[in-house]
Amino acid sequence: MTHAMLKGSNVPLEATTVRAVLRWTPGQGVPDVDASALLLGPDGRVRSDEDFVFYNQPRHPAGKVWRLGKKRVAEGLTDTIQTDLAGVESGVGRILLVASADGTTFDRVRELRILLYDAADTGTEALAYFDVTPETGEETALICGELYRRGEGWKFRALGEGYSNGLKGLATDFGISVDESEAAAEEATTTVPAPPTTNTAAQPTTAGTSSQSPEVSVPLPPEQPAAVPGQPGYGYPPQQPPPTQPAYGYPQTTGRPAYGYPQAPAAARGAAGAQTGYGYPPPVTAVPDPDFRLPPQGPQFVGR
């Protein structure tokens with residue numbers, strides 16, 4: 001019979017090898033979830049960093065706790081931790097079963113459930129299950145439950161305790177040492193350095209020296225004076241004033257003739273030097289002939 005558990009409840013385990021399966025429903029915006037385990041000693045802390053079974057260390061050195069990996073099933077996605085309870089070292093009193101989604105809060109994980117199965121049973125019925133619900137929704141790591149010794153046997157307790165600082169914060173709280181230099185290096189890679197004030201050129205690395213190339217300062221070119229009105233800019237020839245040209249289609253105001261037409265004589269231009277209209281010949285002043293006479297008129301033009 002499958003036990004539906006509430007937070008804080010416990011159930012005895014008769015199986016000697018159990019599979020703790022984390023299961024959730026995937027979807028748009030739903031993060032991936034990782035299962036891990038921490039083996040705790042009598043003081044409630046790990047004995048060494050080897051007591052941390054997770055994606056970068058999927059098997060405990062004693063070989064009794066290991067990570068099976070992720071699968072897709074009809075109900076969703078799963079990640080599994082399997083434990084040989086009969087072979088766990090006597091110095092281990094509790095095994096925490098953890099879910100983590102670093103960088104994403106668990107309020108976006110849908111239908112998270114932990115199920116316990118008898119690994120020796122080929123059936124599909126779970127021994128117990130617990131629906132894990134975050135308390136605040138801001139958790140990035142959750143202790144879903146724990147396997148713990150009780151007399152000569154083992155029990156499982158449903159917990160649902162959350163951490164907002166991820167799997168690293170949870171593991172550190174139980175005695176796992178975090179490499180500070182690695183964390184500092186990771187922080188340095190995400191920090192944008194300030195721009196240098198001088199140009200630097202990397203020198204080639206030679207044998208027996210540090211792999212980090214020294215830097216040699218290269219002076220910047222001398223600063224140029226500010227541009228002065230009327231003077232050319234740095235690196236450019238002096239600018240000449242544009243030539244004075246007449247508007248297109250109109251005669252020039254100087255003594256040059258209009259484009260495409262001969263220059264009119266001075267007498268036609270007048271005393272003031274006026275020019276004729278563009279495209280027209282200069283006017284001609286007619287002088288009357290004193291000997292000019294009209295021809296004889298017909299009778300129809302003779303006055304009566």
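Ser36 touches Phe52, Val53, Phe54, Ile81, Leu96, Leu97, Val98 and Leu167 when residues up to four places away in sequence are not counted, a contact being defined by heavy atoms within 4.5 Å. The residue lies in strand β4, where helices (H or I, at least four residues) and strands (E, at least two) are DSSP runs numbered from the N terminus. Ser36 is buried, with a relative accessible area of 2%; buried here means under 20% relative accessible area, exposed means over 50%, and partly exposed covers the range in between, with a 1.4 Å probe and protein chains only. The model is a predicted one, in which local features need pLDDT of at least 70 and side-chain atom pairs count only at pLDDT 80 or more, whereas totals for chains, interfaces and linings use all residues. Residues are numbered from 1 along each chain as its sequence is written, and side-chain values use heavy atoms, with hydrogens and water left out.

The mean pLDDT of the chain is 76, and 61% of its residues reach 70 or more, pLDDT being the predictor's confidence in each residue, from 0 to 100. Over residues 181-218 the pLDDT stays under 50, and the model has 20 contacts beyond four places in sequence for this stretch. A pLDDT below 50 is also found over residues 266-274, a stretch with 6 contacts in the model beyond near neighbours in sequence. Where pLDDT is low, the predicted coordinates should not be read in detail. The secondary structure of the chain comes to 3 helices and 14 strands, and 31% of its 304 residues count as buried. Among contacts between residues at least 6 apart in sequence, 62% join residues at least 24 apart.

Strand β4 (residues 34-40) pairs with β8 in the antiparallel sense over 7 bridges, two strands being taken as paired if DSSP finds at least two bridges between them. Within this pairing, Ile95 in β8 is the bridge partner of Leu39. Of the 7 residues of strand β8 (residues 94-100), 6 are buried, so the strand is largely enclosed by the rest of the structure. β8 also pairs with strand β11 (residues 141-150), again in the antiparallel sense and over 7 bridges; here the bridge partner of Arg94 is Tyr148, and that of Ser100 is Ala141. β11 is mostly covered, with 8 of its 10 residues buried, and pairs in the antiparallel sense with strand β12 (residues 153-163) over 9 bridges. These two strands form a hairpin with 2 residues between them, and Gly151 in the turn has a positive phi of about 70°. In β12, Gly153 is the bridge partner of Arg150.

The largest nonpolar core has 38 residues, of which Ile95, Leu97, Ile114, Leu147 and Phe156 touch the most other members; such a core is a set of buried Ala, Val, Leu, Ile, Met, Phe, Trp, Tyr and Cys residues joined through side-chain atoms within 4.5 Å. Strand β3 (residues 17-25) contributes the largest share of this core, 4 residues. Apart from it lies another core, of 16 residues, among them Phe54, Leu159, Leu167 and Leu170. In soluble globular proteins, nonpolar side chains tend to be buried together.

By the rule that rings of Phe, Tyr and Trp (its six-membered ring) pair if their centres lie within 6.5 Å, with planes under 30 degrees apart counted as stacked, over 60 as edge-to-face and the rest as tilted, the count comes to 2 aromatic pairs. The rings of Phe52 and Phe54 have their centres 4.3 Å apart and their planes at 10°, so this pair is stacked. Phe54 and Tyr55 form an edge-to-face pair, at 5.2 Å centre to centre and with 70° between the planes. Phe52, Phe54 and Tyr55 thus form one aromatic cluster, in which Phe52 and Phe54 are buried, whereas Tyr55, at 37% relative accessibility, counts as partly exposed.

Charged groups also sit over aromatic rings, a relation that requires NZ of Lys or CZ of Arg within 6 Å of the ring centre and within 35 degrees of the ring normal. The charged end of Arg59 sits over the ring of Trp66, 4.8 Å from its centre, and Arg157 lies over the face of Tyr148, at 4.2 Å from the ring centre.
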